[in-house]
Amino acid sequence: MAEEAAPTESSPLRPGRAARFIPRSPVGWLGLLFVALIVLWLGRNLVADPSEFFSIFFIGLTNGAVYALVALGYTLVYGILQLINFAHGDNFALGGLVASTVIVSWFGLGGDPSTGAVVVGIAVALVIATAFSSALGTTIELVAYRRLRNAPRLAALITAVGMSFILQDIGLVGWGVSFRTIDPLISNDVAFSIGDVGFQWNKLTVLALTVPVLLVLTWLVRSTKQGKAMRATSMDMDAAAMMGINVNRTISFTFALAGGLAGAGGLLYFLHFSSIRYDTGFQLGLIAFTAAVLGGIGNLSGAVLGAILIGLIEQFNEGLPLWSPGSDWTRSIVFGILIAILVFRPEGLLGERTPEGG
Amino acid sequence: MADLPEKFGGRQPSRVGRFLGSGGGGTLDALPPIVRRLLLPAVVILLAFTYPTWREWFTEVPVFGGLLPGIGTAVIMIVFTMMAVGLNVVVGYAGLLDLGYVAFYAAGAYTAAWLASRHYEQVTFHFGSVGLAEDVIGIHLSIWLILPIAGIFTAIIGILIGLPTLRLRGDYLAIVTLGFGEIIPQFVRNADSIKGFNLTNGTFGINPIDSPGFGSGLGAIGLPESYQQSFDRANWFYWTALLLLVFTVFCCVQLRDSRLGRAWIAIREDETAAAAMGVPLMRTKTWAYAIGAFFGGIAGAYYASFKSGAFPSDFFFNISVFLLCMVILGGMGSVWGAIVGGLFLSYLDQEGLAKIGTEIGIQDVPKYSFGIYGLLIVLVMLFRPTGLIAERRHKRELEEGVHDESLYGAQH
C-alpha cells in the first residue's frame with residue numbers, strides 16, 4: 001500500500017524554521033496556492049474599503065482573543081494527557097452561565113450602571129467564574145479521566161464526550177433553555193483611533209483582560225517549578241514520576257489551570273457577545289479546538305495564533321463586502337480548515353511533527 | 001493490572017456467553033453444533049417477526065403492557081439498531097472512533113429523497129414506482145432499488161471521507177469525522193441554490209418520499225401495492241425493517257468471522273503489529289468505513305421512506321453520539337451488544353423516557369435525554385468498559401492490560 005510509505009517530511013535533516021514552510025509535495029504547493037488566493041482576496045477587499053476592512057479586522061481580533069482563552073485549555077490538557085477534553089467547551093459555557101448569574105442576579109448590572117459598579121461586578125464575576133470552572137475541571141479529571149489513564153485512549157475520549165453531554169444538561173437544568181442576555185455593560189465609545197478606524201472600549205476591555213492572562217500563563221509554564229513539572233509530565237509521565245514529580249498533582253493543576261481559563265473565557269464571552277446558553281459551549285468548544293489544532297496542539301503560542309486566525313477568518317467570511325461566502329458557510333469553513341490541517345499538516349502551524357502525528 | 005482479583009478475571013465464559021450457547025450445558029449439548037449455534041437467533045427472529053401479534057396479548061397486562069413499544073416506534077427502533085450495528089463495524093471491529101456517522105444517515109436519506117420524490121420537477125421518470133400515477137413529475141424509482149443504491153452511494157462517500165483521513169491517529173480521526181458530521185448537515189441546509197440549482201431544498205427538506213410496495217400485480221398473494229396506502233401500514237414497514245436488520249446482522253456476523261474481520265480486529269488491537277504481519281492498514285480500514293457507511297445509508301434511505309421525508313434538522317451531532325452510545329453500552333465489537341444497546345436506547349428515546357417521566361411525575365425527563373445518555377456512557381466506561389454484552393476478545397484486551405503498563409498506579 002502506497003499510503004504506508006513513511007511521510008515525505010520525515011527526512012533526517014531537521015529543516016530550519018523558515019524552511020518548514022516551504023512545501024515538499026504537490027499537495028503542499030496546492031495549499032500554498034490556496035493561501036495565496038486568500039491573501040489576494042483580503043488585499044482586494046482592503047483596497048476596496050480600508051476602514052471597513054480594519055473594523056472587521058478588530059472584531060475578528062477580539063473574538064479571537066476570547067477563543068484563545070478556551071483554546072489554551074484544550075492545548076494544555078492535550079499537551080499533558082494526549083486527551084481531547086470534549087467537556088472543556090461545556091465547562092466554558094457553565095463558567096459563562098455562573099458569571100451571568102453573578103453579574104445579572106447578584107449585582108443587578110444592566111441598564112446604565114456606574115463605572116465603579118461595573119468594575120467591581122466584573123472583578124467578582126471573574127473570580128467566581130474562574131474558581132468554579134477550575135474546580136469543575138479538576139473534579140472531572142479526578143472522577144472520570146484519572147481512572148482511565150491506563151485504559152485505551154479511545155475510552156478516555158468517549159468518556160469526555162459523555163461528560164460534555166452531562167455538563168450541557170447541568171447548564172440546562174440550572175439556567176433553562178433560553179439565552180441569558182445582558183445589555184452591553186461597557187460602552188462602545190471609541191477609545192482610540194488609527195486613521196479613521198476606531199477601537200472601542202468594549203473590545204479594548206477584552207484585550208486588556210486577555211493579554212495579561214496570556215502573559216501570566218506563559219510565565220507560569222516557562223519559568224515556574226510547577227510549569228517545569230507540567231512540561232516534564234507532558235514529555236514522559238513515567239520518567240517524570242521517577243524524578244520525584246507528583247504526576248497526579250501536576251495533572252490536577254493543569255486541569256485547574258485549563259478550567260480557570262475556560263471560566264475567564266466564559267465571562268468574557270458573556271460580556272462580549274451579550275448572550276450565552278447551555279449549548280453555547282459545544283459550538284465554541286469545537287471552534288476553539290480547531291484553533292488549537294491550527295496552531296499546533298500542545299503549543300501555547302500556537303493556540304493563541306490559531307484562535308486569532310480563526311476569529312479573523314470567521315469575521316472576514318461574514319463581513320467582507322467582496323466575494324465572501326457569507327455566514328451560512330462559516331461553520332463549514334471552520335471545520336474544513338480543521339480537516340485540512342489535520343490531514344495535511346497535523347502538527348499545526350507552530351507545532352513539532354511527532355512520529356504519531358502523521 | 002496484570003493480576004486482577006478473581007472477580008474481574010476473564011477465564012470463565014461470561015454468563016451471557018453461556019446463555020448464547022458458547023459454554024454449553026445440560027440438554028443443549030445433545031443437539032448438533034449447527035442447531036445449537038442457530039437456535040437462539042432463530043427463536044429471537046421468530047419472536048421478533050410475530051411481535052405485532054403477541055403484542056396484542058400483553059396490552060392488557062398492567063405496567064408491562066403499557067411499556068411495550070407501538071409498531072411505529074418499533075420501526076424506528078429497528079432502523080436505529082441497524083445503524084448501531086453498522087457503526088459497530090467501524091468502532092467495534094476496527095476500533096476507529098467515528099463521531100460523524102450521522103453524515104452517512106443523511107446521505108442515505110437524501111438519496112431516497114432525490115430518487116423517489118417530486119423534488120426534480122424538470123423530469124418525469126418512473127421505474128418500478130408504486131401507488132403513483134404514471135404522469136407524476138419527478139424521479140420515482142422503486143424503493144427496493146433505492147436501498148442498495150443508497151448503500152453504495154453512501155459507501156462511496158465513506159471511502160472518499162476515509163481515504164485522506166484514515167491515516168490519522170485515533171483521536172484525530174474522531175475529530176475529522178466530527179467535522180464531516182457537522183459540515184454535511186450544513187451543506188444540506190445551504191444547498192438550495194448552488195448556482196441556482198436546488199439540490200436539497202434547504203431547511204424545508206424534501207417530502208413526500210414514495211413508499212415501498214409490491215405494485216398491483218402481487219395483491220393476489222396478499223402483498224400490498226404500496227405500504228403507505230396499505231391497510232396495516234405499520235406492520236408492513238415493521239416486517240421489512242426487521243428483514244433489513246436481519247440482513248445487516250447476518251452480513252456483520254459473517255464479516256466478523258472472515259479474513260477481513262480478523263484483519264480489523266488485529267488493527268484494533270495493535271496497528272503496528274498488524275502492519276508487520278502484512279495486514280494492509282489503509283485498505284482494511286477503508287473497507288470498515290465503507291461497510292459501516294453502507295448500512296448507515298440503507299438505514300437512512302429506509303427511514304426517509306418510512307417518514308416520507310428528509311429534513312436537515314434530523315442530522316445533528318447528537319445522533320452520532322446517540323448511536324455511539326448504543327455501541328458502547330452494548331459492548332464494542334459485539335453484534336448482540338449493538339442490537340441490545342440499539343433497541344434499548346432507541347426505545348428510551350422514542351417512548352421509554354417519556355413513560356418513565358410520567359411514572360415518576362417529572363414531565364421533563366425527555367428534555368434531559370442527552371445528559372442521561374452522557375451519564376450512561378461515562379458510567380459504562382468507568383465501571384464496565386466491555387459493555388453489557390462483552391465481546392470475548394475485547395474483554396480480554398481491556399481486563400488483562402494489553403496496553404503499556406504505567407509505573408505508578410492511577411488510583412494511588
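## Contact between chains A and B

In this predicted model, 45 residues of chain A are in contact with 42 residues of chain B. On the chain B side, the elements that contribute two or more residues are α7 (143–165), α8 (170–190), α12 (281–307), α13 (317–330) and α15 (369–383). Helix α8(B) provides the largest share, twelve residues. Classified by residue type, the side of chain B that touches chain A comprises 28 nonpolar, nine polar and five charged residues.

## Helices α9 and α12 of chain B

Helix α12(B), which gives residues to the side touching chain A, also packs against helix α9 (residues 233–256) of chain B: their axes come within 12 Å and cross at roughly 180°. The two helices, α9(B) and α12(B), are therefore roughly antiparallel to each other.

From α9(B), the residues B:F237, B:A241, B:L244, B:T248 and B:L255 meet B:I291, B:F295, B:I298, B:Y302 and B:F306 of α12(B). Nine residues of this contact are nonpolar, one is polar and none is charged.

## Helices α3 and α5 of chain A

Within chain A, helix α3 (residues 87–106) and helix α5 (residues 153–175) pack with their axes 8 Å apart, at an angle of about 15°. Because angles under 35 degrees count as roughly parallel, α3(A) is described as roughly parallel to α5(A). The crossing of α3(A) past α5(A) is left-handed.

The α3(A) residues A:A87, A:G89, A:D90, A:N91, A:A93, A:L94 and A:L97 meet A:A160, A:M163, A:S164, A:L167, A:Q168, A:I170, A:G171, A:G174 and A:W175 of α5(A). The residues of this contact comprise nine nonpolar, six polar and one charged.

Definitions and conventions: Residues are numbered from 1 along each chain as its sequence is written. Chains are lettered from A and ligands numbered from 1 in the order in which they are written. This is a predicted model: local features need pLDDT of at least 70, side-chain atom pairs count only at pLDDT 80 or more; totals for chains, interfaces and linings use all residues. Axes are lines fitted to C-alpha atoms, for helices over the stretch in contact, and angles run from 0 to 180 degrees between N-to-C directions. Helices (H or I, at least four residues) and strands (E, at least two) are DSSP runs, numbered from the N terminus. Angles under 35 degrees count as roughly parallel, over 145 as roughly antiparallel, 65 to 115 as roughly perpendicular and the rest as oblique. A crossing is left-handed if the near helix is turned anticlockwise from the far one by less than a right angle, and right-handed if clockwise. Two residues are in contact if their C-beta atoms, placed from the backbone, lie within 7 Å. Ala, Val, Leu, Ile, Met, Phe, Trp, Tyr, Cys and Pro count as nonpolar, Asp, Glu, Lys and Arg as charged, and the others, Gly among them, as polar.
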